[in-house]
Amino acid sequence: MINHHLSDEFLVEYANGSLPSPESLVVGSHLAICTECRARVETFENVSAVLMEDGDLEKVEPDALDAVLAMIDSPAKEDAAPQIEFDRDTLEVIPPPLRDYLGSSLSDLDWKRTGRGIEEASLVRQDDVRISLLRIRAGQKVPLHTHAGEEYTLVLSGSYTDGGARFAKGDVSVADSAKNHAPVADDDGPCLCLTVRNGATKLTGPIGRFLNPVIRG
């Protein structure tokens, strides 16, 4: 059961195509898992269509959600780029909108150790935007940190606890500079997450403060 959803603001911007592509990746991947938010997006599209008739809203394609879902569910066209053969483990946990960013199965990604019990596979890094997969060992605590910008996290498998709240598959977390946190992966297995970060991550623990000058983003 998904308990942490995206706000209506994000879903409306996604529906009308005004959300930046990194955030759209998080939303699209969440929608592939969450039927409740897919229904909300469809509702926003219907409302937008009514408002558009009155000239109160910029034109929104009424079948935008259908097009996205069709891309998720339908096989590729013959003239499309060759499809990557993902292994079963990857297909089970990676939603279709995210697969194009991987380029290979999870086991073949360039995983780098970024801390004790924590591995990261960088998918996109451009200017201050970083899109990554994080794999956290069961029971492992992420060092206490905050963010210069926003951090969007979508749980793909496993679960973690942050500030008394539990996040499991399909749950989304949004953190910014006002949040100082140290998520802990639950003990029942490793946790795999999609993260989109705008701006640098800043360690705030006693040791982390000394490491910040040598940490990039």
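**Close-up views of a predicted model**

View 1. Strand β1 (residues 112–115) pairs with β2 in the antiparallel sense over three bridges. Strands pair if DSSP finds at least two bridges between them. Strands are DSSP runs (E, at least two residues) and helices likewise (H or I, at least four), numbered from the N terminus. Two residues lie between β1 and β2 in this hairpin. Gly117, in the turn, has a positive phi of about 70 degrees. Gly115 stands opposite Ile118 in β2.

This is a predicted model: local features need pLDDT of at least 70, side-chain atom pairs count only at pLDDT 80 or more, and totals for chains, interfaces and linings use all residues. Residues are numbered from 1 along each chain as its sequence is written, and side-chain values use heavy atoms, without hydrogens or water.

**View 2. The largest nonpolar core.** This core has 34 residues. A nonpolar core joins buried Ala, Val, Leu, Ile, Met, Phe, Trp, Tyr and Cys residues through side-chain atoms within 4.5 Å. Buried means under 20% relative accessible area (1.4 Å probe, protein chains only). Leu98, Leu102, Leu106, Leu133 and Leu194 have the most contacts inside it. Elements giving two or more residues include α2 (21–33), α6 (96–102) and β10 (191–198).

**View 3. Around Leu194.** Beyond neighbours within four places in sequence, Leu194 is in contact (heavy atoms within 4.5 Å) with residues including Leu25, Leu98, Leu133 and Tyr152.

View 4. Cys191 is buried at 0% relative accessibility, and Cys193 at 3%. Their sulfurs are 3.5 Å apart, too far for a bond. A disulfide needs cysteine sulfur atoms within 2.5 Å. The whole structure has zero disulfides.

Key
Buried means under 20% relative accessible area, exposed over 50%, partly exposed in between (1.4 Å probe, protein chains only).
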